[in-house]
Each structure stands twice: as structure tokens, then as C-alpha cells.
Amino acid sequence: MSTPKRRNFQIEAFKHRVVVDPNYAEKTWKILEHAIDEIYNHNASGLSFEELYRNAYNMVLHKFGEKLYSGLVTTMTSHLKDLSKSIEAAQGVLFLEELNRKWADHNKALQMIRDILMYMDRTFIPSTHKTPVHELGLNLWRDSIIHFGKIQIRLRIILLELVQSERTGEVINRGLMRNIIKMLMDLGSSVYQEDFEKYFLEVSAHFYSAESQQFIECCDCGDYLKKAERRLNEEMERVSHYLDVRSEAKITNVVEKEMIANHMQRLVHMENSGLVNMLVDDKYEDLGRMYSLFRRVPDGLSTIKEVMISHIRETGKQLVTDPERLRDPVDFVQRLLDEKDKHDKIISLAFNNDKTFQNALNSSFEYFINLNPRSPEFISLFVDDKLRKDLKGVSEEDVEIILDKVMMLFRYLQEKDIFEKYYKQHLAKRLLSGKTVSDDAERSLIVKLKTECGYQFTSKLEGMFTDMKTSQDTMQGFYASQVAETGDSPTLAVQVLTTGSWPTQPSAPCNLPAEILGVCEKFRTYYLGTHTGRRLSWQTNMGTADLKATFGKGQKHELNVSTYQMCVLMLFNNADRLSYKEIEQATEIPPSDLKRCLQSLACVKGKNVLRKEPMSKDIGEGDAFFFNDKFASKFYKVKIGTVVAQKESEPEKQETRQRVEEDRKPQIEAAIVRIMKSRRTLDHNNLVSEVTKLLQSRFLANPVIIKKRIESLIEREFLERDSVDRKMYRYLA
Amino acid sequence: MGIQRDRVRFNVGGKIFETSATTLANAGRNSMFGAMFDENWNLQSSEVDEYFIDRNPACFSVLLDLLRTGELHIPTNIPEKLIYREALYYGLLDHVRASKFGQFDGNRLKLAMSVTGRAPGDGTAIRAGPDGGCCVADGSMVHVYDWMLEEHPPIHLNYQTVNDMGWIDSENIVISACERLGRGDGGMGLFSSSTGDLRYKFQVSHENQVKSFTAGALSFSSDYRIFASCKGRSNEYGIGVWDHVTGQQSDFFYESLGWSLGDADRLQWLHERNCLLVATLFPRKDNCYISLLDFRVKRMVWSWSDIEAPVTVVEKRVRDAIAMEDTSSICVVNEYEDLGFMDLRREGGCVRWSSRSRLMKGKMPDEPCCPKLALHGGQLFSSMNDSISVFCGSDWVLTSRLRRSYGGSICDFSIGGDRLFALHSEENVFDMWETPPPPII
């Protein structure tokens, strides 16, 4: 039953493809291109943003993104060609201004174009990995303007000329300069570096190389540094005004190299105005400038330091070896202190308290102070002088300051044990003669020595103070027990000194006058009665006595003399004339002391209680002495000092030195044993270096002496040599 | 913006809207409104009394509301996709994204969407992208989704089985795949996430010869390095290092005898310690190996293995491991979802298993799924069967559990871009969890 009429249904393909206007893309692009033209022509006020935005959106949406993008590149490139022509046409000063103006125009246009094409920037560009619109605009500007033939070279030359004329003192338009430089930086740091900075640094190097040459020929060191500093500041200021901050390090580097590093040696050694002159004349400002400039260049500070060290060493060496100066130890030390103060002040005022400079100063002082073997003695004498008289009435703080300065010098000493020796002698004299100004000052110095060198160093010194104190108590006890029988006998004041603590040389006592001997015996009985198991021996070479004497015309005086002098004078109670030999026999005073004592009794003007024949300055063995009846003095009390060479005489010096060497032996041996005990085996060189290190705080041990001590210890079987390696030592427990 | 009056009148597709310049300023300069009201374009503003925009007025209304309040409310009659398209037109897509979901918090997650894939096989891995997108490995292909869950062209390395993948940034994905014998296919490649184009293929050179290799687990460091476990055919087993900017190989850590690196299940770059965690685990190997590699000294600086550990009655095998730099420890998980901890400061320590009650025990599904661990913002996540547990605090207390009724057990999950993605082993479905924006009051 099929129907004959079969209608053929055929589904046709939908041929009618949805084609938008074939010219759609072209038309839309024309609208946008026109808009871009208008924007570049400053004629955008008639444009509809919404329409343009929508058109750009539609092009991307309908897959014409590629056309839009390439169209943009073409149009923008052609506009930039026009701009470049007008920039090129600008002459002279106008060139930069025109460039700046066109740059501003382009930036504004770029912003507006990007606004229109925002949708493309957001979707089409990232997915196709193309350059975003803003960056594209900058790249095109770079390629068609900044890197375009003549403009590139002209721009560079003009910029460098402007910098140059500013350097010669002209005023330039910094605002314009800043805009142009900022443009270069906006185009990428490589554009700024390649198109400007590179040449800028090159030209600057030339400029400063020539200028520094000119300056150094005609300026003294101080002026030169002033000029260099000013140039450096100018360059930093320039960077802050119109260059990239990252250029600062580079341009200052150029100035530093050309103006400072290249002329460093010449500046430092410049005749009449170099570093040494500045140091001598205390030119703090110039020195400070030199420091801050030289610090900027490699090896700058070490150059200053080396010159300073050699200068200080040289002047110091002159100071300590000048025989003129050695006459007065106090002045000698005072000069050292002044020298130190001077350089301390320079370092603090000009060298920024630089630690390395302080170290250099210290090492220089250490170097030259130890050039003179008498430095320890002189420093001790200086202290002695200060503590005897100079510090009288000085405030406690000032005393501290002086003592601290002395300690500083003390630190420089390598042979601290020698200082200790002398210090002990001087302290003993001060204590026994009761001459010390202030007990506090004495103790304060001892505390300082103790912190510096440890307990051992000062234990004997402290023992001396203890002796003084106990002696006072003992004397009180003695007189309390003797109340009944004092009578007419002389008053005795005894200081009981512990053997070992004091720098006494056991010397045979002289013959004391009978009057004194009695009292002495009483004291001995008393003392040994209260302290058992002790031995007393009289140190007649250290005592003093007050004598009442009557001279011609009944003049009475009280004479303050030493024990030796007292013994001599007492002889004249029974005789008017005595020969030297007679005195020597009667008193048994050692000849050198006797001579000194007679000299001070007979040869000092105004204090000559004795008369000598023949009259001469020195004492001879054949001299004869008379009681000087005509002695007169306006004072009742007359102090007859002993002519003491304050400094040691040559033989005494030898003796002290020998004693020091002798004292060092056990210390060196102790050090060797201590080291070997912990190391068990050690070779010679290491042992010597360790011993030296261990003893450094006290003295500089001589390797030869160390070797002798080692040999002595081997003999005494503390150590043995290794049977295989003769350089090795072994500790024998 | 050079607007004279505060009031602005729009005619959008024939409908009049009035708003204020201040509201529009919320759009920012980098939007259509920002450009439109810039003084460059607004010279004639005094003469114009309304601005015409040739767009959909309903969507404009939604977006204007977004600019006014910062919240996005889409009426049911408008498809979400339409809003996205319009937002893209106005340059407001970032605003929309920011208003869609709040800052990630494992305890406030809500299921936002389930996406069913079209892949023939089962998915194997999922990775969250930095801006809310994700990619799903499915056999030899990787499907890429952006944050709107729009699917982008899939990516593949000569259709070789994908082992691991990861987002370097929102534009770039690295995938690692098995080699094909003799063809030099497979290995590792860097792809554009939006177009699926291959940007680089990474190569392994061994004794100056380029070798084909199978790449496994991946990890990235913030200094542009890519780490991957590698298996070659001769002895190029170990961890390869590449620079993802240049695409060049920069280092290779050869595995030592008796220690497995080339088969690693998990790599994790530890930024503070400046070393790489490498974990090779059961069942890929019979034993578990966990080590920290320091590439500066070319040395294993910490290691642990269960080779000599006594086999206990309740067999506890480590199935995943994650390093926690804050507490200098490594967290591990076994097939019963027990958490264990190891101290990184002590060499050769043992696993301290946490003794929490095991509700799961005895109801293991027929097809057990590998437990996985993740750490995010001080919260620890552990997946087991069809749920994800969230642990917080210094004692890692169980605080939340995410579960969905269908899709089967979870074979992988990943957190990133303020979202959690969970891939289920059946139905090829993945879930997206978000933290809703904070409440109005």
C-alpha cells in the first residue's frame, strides 16, 4: 500500500554559512586605526571609548586578534617614524626638549591605546605569548627613536655635554635631564646602561684623570683632598638629582680610582704637605678627610697606616735613643706619654677611632719603647717621681688618669719583670722614707698591675705594704712595754721587713754608735720575745735619723740624715778632725756608700755640716774632715739628702740586669716543666715557642737561655732526649 | 579619575542604570571603567549625560552589585558562564573570582561542584592550580580546567602513561610520563595550561649522552628548580634537577646501592632546610625508604627505612609521607589511616604511631585505596576510602571529615588556589570543595 507519490525528503546541507560581512575585520580595524591616528594627533576628544573598546573586543572575539595586533604594530611604528622626523629636525637645545615632549605624547597615546585594547591585552596576548601593549610601545619607541641612527648619537653627545658643562660650573636644566634619563631607564635598565651609563663612566674617567693630574701638579695634599672630596660629593648629588641610584657606586668608583687610588702614594708622600706633615702639625681636618677618602679605595687605609707606623717608629726611635733625653727619666716618660696622647687624639678625631689604627699605634709604641733597655727603669722612675711629689694635691680622678697612662706604657714593655724589679726598689725607698704622697694611689697602681699581670706579680709588693702596717703596730707595742725606762735614750723607729719581699741586699751592718746600739738591743729582745723563731738583722743602709746639733754661736739645728751619716756625725762628738781612713775604720761603712755619704755632708752648698780638706767635689781616700763650726741655715730643720744617683750607675745596672737574668731562670724552668708535664713529648722548636708564649706577659725569653735551661733540666733528669729523634724531649715523671 | 560629578548614568543595552563614580572606582584602573573615566578619555564628560554600553543589562546589574557590595549573587535565570564572559569584557573577572570563595579553611569546606570527566579509564592523579584551576591525569592524558572549571585543550607526552604532574604557575604545567622503549618518547614536558602547547621537553644526560627515561614524582622549588625521580635503562636511576626557566638539566643525584630514589612515590622540596624529601613506599617497593637529600653537599642528610624493622602483628606499612617543616617532623600514614610521626632532628629514629581509635578497622572496602596526605595552612589532611579527614593543632586532633556518597573511594586529592580537589576512583568524577565567603554579619 505504498503510496506511489513518494516525496523525496532530502536534508540539504546548510550551505548558507554564517558569514559576517567579509570586510568586517577590515572595517573594524579601520575604525580603530583611525582612532589611533587621532590619538597621536591630539584629537581624541571626538572618540567614543565604549565604541572603540567594543570593536577591539569584537575583533578578538571573532578571531581577528592577530590582525589587530599586527595592525597596531604597523600603525604605531609609522607614527613613531613621524615623531622621529620632528625630533631630528629640532636643533641645538631644542632637541632634548622636543624629545621630552614627544616622549610624553607617546606615553599618553600608549596609555590610551592600551585602554582601548585592554581586552586583547588580557586574553589574546597571554595565550599567544606576545608582548603586552605597553611593553610593545616602549620597545617600538626604543627601536625607532632612541636607537635610530643620528638620534642615538646626538642624544648621547648632548647628555654627556650637559654633564660636562655642569662639571665646569654651568647651570643646566636638571628637570629636563631627569626626564630624559628616566625615559632611558623606563626603556629597560640595559638601554640606560648601554646608551648612556657606559659612555658617561668612560667620559668621567677621562675627565677626572686629567683633572687630578692638573690638581696634583699645583695643589698641596690638603687642598687636593678638599677638591677630591668636593668632586665626589658633586657626583653623588648628580646621581640623586637625575641618574639611576645604581649608578652611584659606579661613578663614585670612577672618581675614587682616578682621583685617589691613582695618586695615593704621591699624595701621602707629598713634600711639605703629605701625611707626615699632617701628623706632625696635628691637622685633624685634613687627616680626617684623607681617612674618609682613602677608606673608599682598596689598600687606601693600609697605605695611611704604613706611613703612620713608620713615622711613629722613626720619631719614637729618636726619642728613646737620644742620649740627651736619657738624662732625665721623668721627662723621657713624659715625652712618651705626650707622643701617645698626640696620636690618640689624631686617631679619635681624624681616623674615626679605627681599631686597626689603634693597633698599629700600639705596635709601634711597643716596637720603639723596647728599643731602649732602660725603658722599664725609666717608667718606674717616672712613677716614683709622680708618687713622691708631683701628685701632691692632685684630685683622685687625675691621679687615676696618670696611673692609667703609665699602665698603658707598661703594657708595651716586653721585659715586665725588669720593671717589677725597679718598681720594687723604688717602692721600698718610698715606703721606708715615708715619702709616698698617697697610700691610695700606691695601692691603686698595685691593683692595676695585679689585673694586668696576675697575683704573682704583685704579691711581694703587697707584702711590703703589710710589713709597713705591722711595723707600726710592733713599734706601738714596743714603746708600751718600755714606758718606764725611756729616759734620755734616742727614739727608735724600726720597720721590720720580711726577707724576700723587699729588694734588700744583705749587707754587713755598720758600727752603730753606742747610744743607738742600746736601744736596738732592747727592741731585739722585745721582738724576739713576742715572735719566736725569727731572726732580725739590721739594714743600716736604709735607715734615717734626726740629730740635734749645736754649731758655733750656739746655733741649734735638727739634722735629718741617713743612718750612715748619723754614724759619721756621731764620731765628731768626740773629735774635730777625722781622716777618711779613720771614719772608715770606725764605722765600717762600705766604701762606695761612705764616699757618697761624706760627699753629701761636706760638699753640698748650704748643707755642709762638715768641712773637707782639700776642698774638692769628690771624696779621696786621703781627705780629712772637720766639724764645720760656721755652718748656718735659716731653717731649724735641715734635711741632708744623700747624693743618690737617681738613675742607676753603670755597675749597678749590670748588677740589676744580672739579678733579673738570675730570677728568670727558675721561671723559665717552671714553664718548661709545666708544658712538658702536659705534653709528655715535644720537639725543641715547639717547646721554645710555647715557653715564649707562656712567659710573654712577664718578659721576652731569650731562646738561647731557654735552651740552656732545657739542658740543665735534662742534666737534672726532669727531661730526656728521645733516643731516635734528638730534637724530641720526653718528660720524666 | 577626572569625574566632575559623582553621579554616573549608564545606558546598558537600553536599560538605564545610575551609580556613583566611587562605586565604579572599586573596579580599579585596570578595568574598562577605570579606562573610561580616566581623564584621557573623559575630556567631554560635562557634555555627556549618559554613557552607552552595548552589553547585556541583566549581567551588568549583577556586576554593578558586585562593585557596590563586593559580593556576587547570580540570579538562577542567568548561567554562571554568562556572568564570567561579561566580567571578562569589563575586566572584572578577578573581582568575580575573589568574591566566589573565601580563604581556605579545612574545617569550613563546602562541596561546590562535582565534575564528571569523559575519560575512558580511571583517573589517577589530580593537582590543584595556584589560581583555582586543576588538572587531572587520566592514563596518558591530562585534562586541564581553569578556575571557572572550563576545560582547556588536554595535554599529553606522546600519549605515554602520565606518572605525575604539577603547576609551576597558573600558566605552566609540568607532566612526567613513562618512556617508550627506543623512541625517546615520554619523559617530562612543560606545557602551556591555556593552550596545551608543549613549551619544553626536559632531557637527562648521562655521561654526555642524552638518554630516554621514565619520570616519576615531581616537586618544585621557589628558585625555579624542578625535581623528578627518574628511571633510565642503565644506571641513571635517581633524582634529576632542571631549571624551568631555561629547560636545562642542572644536576642529577644518583641513587646509592640498596636505596631507592628513582621509583619515588613522593618528592617534597623543603624550603627552610634547603633539601628534598624523597619517599619510596609500599606497594611500589617491598620496603619503604624515606630520605632527605641536600644537593649542595650531594649527600643524604637524613634517612629512614623499614627494612630492618620487626614485622609486628598488626602490619603497619607506611603508605604516604609528608614533611612538616614547622615541627621538624615527618608525618606518615598506613593503610588503616593511622598517623605516625618521625623526628627529623634525629637520625634513624622510629615511627611514633598515634593511638587514636580506629573506627575504620574491619570495614575495609574491597578495593582499598592508597591513603594520601596533604598539609595546608597548618592543617593536615588525610584521605582514606571515600573521605578526607582534617587534623588540627599541635596534637593533630581530628576536626572535620569530608565525604561524598558516590564516586567510590578517593584515589587522590590536592589543595591549592583556596580550593580542595578530590578525585574519585569510579565514575571519573572529581569534587571541588571551597570555603564560602564570610557571613554577612
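**Salt bridges, interface and cavities**

Colleague: Where in chain A do A:Glu98 and A:Lys102 lie?

Modeller: A:Glu98 and A:Lys102 both belong to helix α4 (residues 94-116) of chain A, where they are four residues apart, about one turn of the helix; helices are DSSP runs of H or I with at least four residues, strands are runs of E with at least two, and numbering starts at the N terminus. The model is predicted, so local features need pLDDT of at least 70 and side-chain atom pairs count only at pLDDT 80 or more, while totals for chains, interfaces and linings use all residues. Residues are numbered from 1 along each chain as its sequence is written, chains are lettered from A and ligands numbered from 1 in the order in which they are written, and side-chain values use heavy atoms, without hydrogens and water.

Colleague: Why are the side chains of A:Glu98 and A:Lys102 said to meet in a salt bridge?

Modeller: A salt bridge requires a side-chain nitrogen of Lys or Arg within 4 Å of a carboxyl oxygen of Asp or Glu, and the N to O distance of 3.5 Å between A:Lys102 and A:Glu98 therefore qualifies. Over all chains, the search finds 79 salt bridges.

Colleague: How many salt bridges are there between chain A and chain B, and what makes A:Arg54 part of one?

Modeller: The count between chain A and chain B is two; in one of the bridges, A:Arg54 pairs with B:Asp54, their closest N and O atoms being 3.7 Å apart.

Colleague: How do you know that chain A and chain B are in contact?

Modeller: With contact set at heavy atoms within 4.5 Å, 21 residues of chain A touch 23 residues of chain B. The two chains bury about 2,000 Å² between them, 59% of it on carbon and sulfur atoms, where buried area is the accessible area (1.4 Å probe) lost on putting two parts together, summed over both.

Colleague: Which residue of β30(B) stands opposite B:Ile388?

Modeller: B:Leu402 does, and B:Ile388 and B:Leu402 are among the residues lining the second largest cavity, which has about 30 Å³ of space. Strand β29 (residues 387-392) of chain B runs antiparallel to β30(B) and is joined to it by six bridges, so the strands meet the requirement of at least two DSSP bridges for pairing.

Note on methods:
On a 1 Å grid over the protein atoms alone, a cavity is a set of points where a 1.4 Å probe fits but cannot get out, and a pocket is an open set with protein on both sides within 12 Å along at least five of seven lines; lining residues have an atom within 4 Å of a point. Grid points are joined across faces, edges and corners, and a volume is the space filled by probe spheres set on the points.
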